[in-house]
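This report covers selected local features of one protein model. Please look over the sequence and structure before reading on.

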Amino acid sequence: MKKSFKAILLCASLFFLNQLSGQVSVFNKQEAFAPEFYPDKGNDIRTAAGTPGTRYWQNAANYKINVALDTVSHSITGNVVITYKNNSSQSLSFLWLQADQNIYNVESRGVAQTTVSGGRWANQNFNGGYHISAVSIVKGGKETKAQHFISDTRMQVLLPEALKGNGDSVQLKINYSFVVPEYGTDRLGRLKTRNGWIYEIAQWYPRMSVFDNVQGWNTLPYLGQGEFYLEYGNFDFSITVPANQIVVASGELQNPKEVLTATEISRLQQARLSDKTIVIRDSTQVTNPASRPLGKEMLTWRFKCTNSRDVAWAASAAFVWDAAKINLPKNKTALAMSVYPVESATDTGWNRSTEYVKGAIEHYSAPWYTYTYPVAVNVAGIVGGMEYPGIVFCGSKANRGDLWGVTSHEFGHNWFPMIVGTNERKYAWMDEGFNTFINTLANAGFNNGEYRDDSTKMYSIAKSYFSDSTESIFNLPDVNTPQNWGINSYSKPGLGLTLLREEILGPQRFDNAFRYYIHNWAFKHPTPWDFFRAIENYSGETLDWFWRGWFINNWKFDVAATGVSYADNDNRKGSLITIELLQKMPMPVSVQVTEENGKATIVKLPVEVWHHGSRWTFRANTTSRVTSVVADPGRRLPDINEGNNVWRGSAQ
C-alpha cells in the first residue's frame, strides 16, 4: 500500500522528535508478544484450561503420631505411623521422606550454605537434628525392618516389594526423637518467659515428600529459606506433656474433659457463640494450679485434623488463653483462639490477637474460599511469623498494626499454600506473593480500614523493584540474594496481582478468575503454568506478555510522552499524541491530554498498541492547543522514570 506524503512527513517528524529527546528504546515487540509461551501442551492430567484433568492424581499420606515433650531436656520423643497411598500409575520401589529437623545438625547443608554474617535462617550454637531409632514397614499386618538412608534433610526408604500404582498403600513406622532448638530458623523454637518456656513445635515428624507428574519425587533439601511441599491426608496425633502445660494445635481437640478444667470447657463453649473475645484463662490464673486438672503429673492431649498437608502445635505453662467465634459463609463457624504470655497481654498487643484472627479469616473466607479448619490459633513466641494449617506462630512483642499485619499474613497462608498446595520450596512467590496480595485487601477491609494503607508510592516502589541488583521472581527461594528475598517472594508478585486486578483485567474479572484458580486447585498441587492458564482461560485475556515480563523475566517498564502535532497543522482539528515505551515491559497505559482552553481528557490505551513497536501515536479530539501530555497521570503503573512522563507545550 502506498504511503501518503502526509504520513511520510509525520513519521519523519516523530523520528526527529525522538532523536532530540535522546531516548533509545530497548523494547522488542517480537520478544514481548512471542506466540509460544507455555512449555508443555495441556493434557488429561493438567489441562490447557488451567484445571486438573480427568486423569489428575496425587498421592496421599495419613499420619498417626504419638510424642512426649520433656520440658527438662527440651526434647521430643515418639513415633509416627504413615499410611502412604500411591495413586500414580507407576509402581514405586522406594519412598522419599522429609527430615527437616536435620537442618539443625552442624553438618547440614543448611548450616554449610549460611553466610558468615548469619541471618534469619542461621541457627548458631546448636547441634541437633533427628535421631531415628527404628524404621519399619507394615504390610498385610506384618511389620518388617526397613532399609533406609538419610541424606541431609531427606530420608529414603527402600521397599522389599514395589508399591503398586492406582491405589496400593503401605505403612511406615518410624521411632524418632530430637531436641527443640531455642531458635529454629524462625519456624519453630522455644521462648523463655517469666512463667515458663513457650514451645512452638513444627517440622516435628518425618513427612512424606511429594511424588507428582511434574518432577517425580520432589527432594530439594531444606536449607531454611525455601519452605515446604507436602501431600494431603488425615492426622491423628497425641502429645503427652507435664500437666501444667496448655497445648494448642492444628485441628480439633478430641479429649477436652481429660485435659481441661470444667471452667475452661464452659468458657470455650461461650466463645464458640460469641463475636466478642472470651477469656479462657486470664493472666491471674496462669500461676494458679487450679487452672489445670489436679492430681496428675502428665496429660495426653489428642487432636485430629482432616484433609491437611501438615500439623503443628505449641505448649506452655505460661499461656494466657482467649477465644471467639469466626463467622463463615453459609452459616458455618469456626473458633479463633490466641495463647500468649502475660508479658504480651496488653490492650495494644495480644489482647487484640483473637479479634485479628477472627477478622482476617472472615475476610479471606468471604471472597475466596471458606476456611476449612475447626480452629484458628495464634501463638505468641520466639518465631516472628510462620504459618501452619489452623495454627500460626507470631512474635510475642508484636503490637498494634504490626500484630495485625503478621497475624493477617500468616493466616492468609491458610489459603496459599494450605488450601492451594503449591510447591513452596521452588516457587515461594506462589504462596508468599499471592498471600501478600490478599493481605492488602484485608488491610483495607478490617475494622473500617483501621490499618488501611492507601499510599501506593508506585514510582518509588518500581525503582526498588528494578534496581541493577534485583533478580527475576522465577527463582528458587534459596537462590535469591537476601536483599531481594522480600521483593521477589512477597511484594513484587503481590503487586503483580494488584496490577492484574486494578489495571489490566479489572476487579470483577480478576476476582472471578482468581476464584476459579483457587477452587479448581483446592487441596491439589498447581504449578505456575496451571495458574497462568487458569487466569487466562477464565478472564478471556491472553496475558503471556505480562507473565513473561513480570514473573519470568525482570523487565522494566518506562513510558514517555514524547510529542504532539496537529491535524493539518490546525490545533482546532485534533491533535496527534505520541508516547514511547523505552523499556522491555509493555503495559496498558492511560494518557491525560490537557488543552489551552482548560479541557483535560483521559485516553486509555490497551497493551496491544505496543504490537506496532515502541512508539505509538493516537488521535485526541482536541479543539485548542495542547499544553501538556501526561502518561500514567494517576501514577498507577510501576514506571521506573517518572521524569519523562510529561510533555509540555511551549508558551505561545
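Where is the place of Asn569? Asn569 lies in the loop between S26 and S27. Helices (H or I, at least four residues) and strands (E, at least two) are DSSP runs, numbered from the N terminus.

The model is predicted: local features need pLDDT of at least 70, side-chain atom pairs count only at pLDDT 80 or more, and totals for chains, interfaces and linings use all residues. Residues are numbered from 1 along each chain as its sequence is written, and side-chain values use heavy atoms, with hydrogens and water left out.

**Backbone and exposure**

Asn569 is exposed, with a relative accessible area of 74%. For this term, buried means under 20% relative accessible area, exposed over 50% and partly exposed in between (1.4 Å probe, protein chains only).

Asn307 counts as partly exposed because its relative accessibility is 35%. A cis peptide bond runs from Phe416 to Pro417, with omega near 20 degrees. Pro417 is in the loop between helix H7 (400-412) and helix H8 (432-445).

**The sheet**

Three strands form an open antiparallel sheet in the order S26-S27-S30; strands pair if DSSP finds at least two bridges between them. Strand S26 (559-566) and strand S30 (615-620) are the edge strands, each pairing on one side only. From one strand to the next, the twist averages 25 degrees. S26 and strand S27 (residues 575-581) pair in the antiparallel sense over seven bridges. Ser565 stands opposite Leu576 in S27.

**Helices H9 and H10**

The axes of helix H9 (residues 458-465) and helix H10 (residues 482-504) come within 12 Å and cross at roughly 135 degrees. H9 is therefore oblique to H10. Axes are lines fitted to C-alpha atoms, for helices over the stretch in contact, and angles run from 0 to 180 degrees between N-to-C directions. Angles under 35 degrees count as roughly parallel, over 145 as roughly antiparallel, 65 to 115 as roughly perpendicular and the rest as oblique.

Met458, Ile461, Ser464 and Tyr465 in H9 meet Ile487, Ser491, Lys492, Leu495 and Leu499 in H10, where contact means heavy atoms within 4.5 Å.

**Thr527**

Thr527 is in the loop between helix H11 (507-521) and helix H12 (528-539). Thr527 counts as buried, at 14% relative accessibility. Not counting residues up to four places away in sequence, Thr527 touches Arg46, Val214 and Met430.
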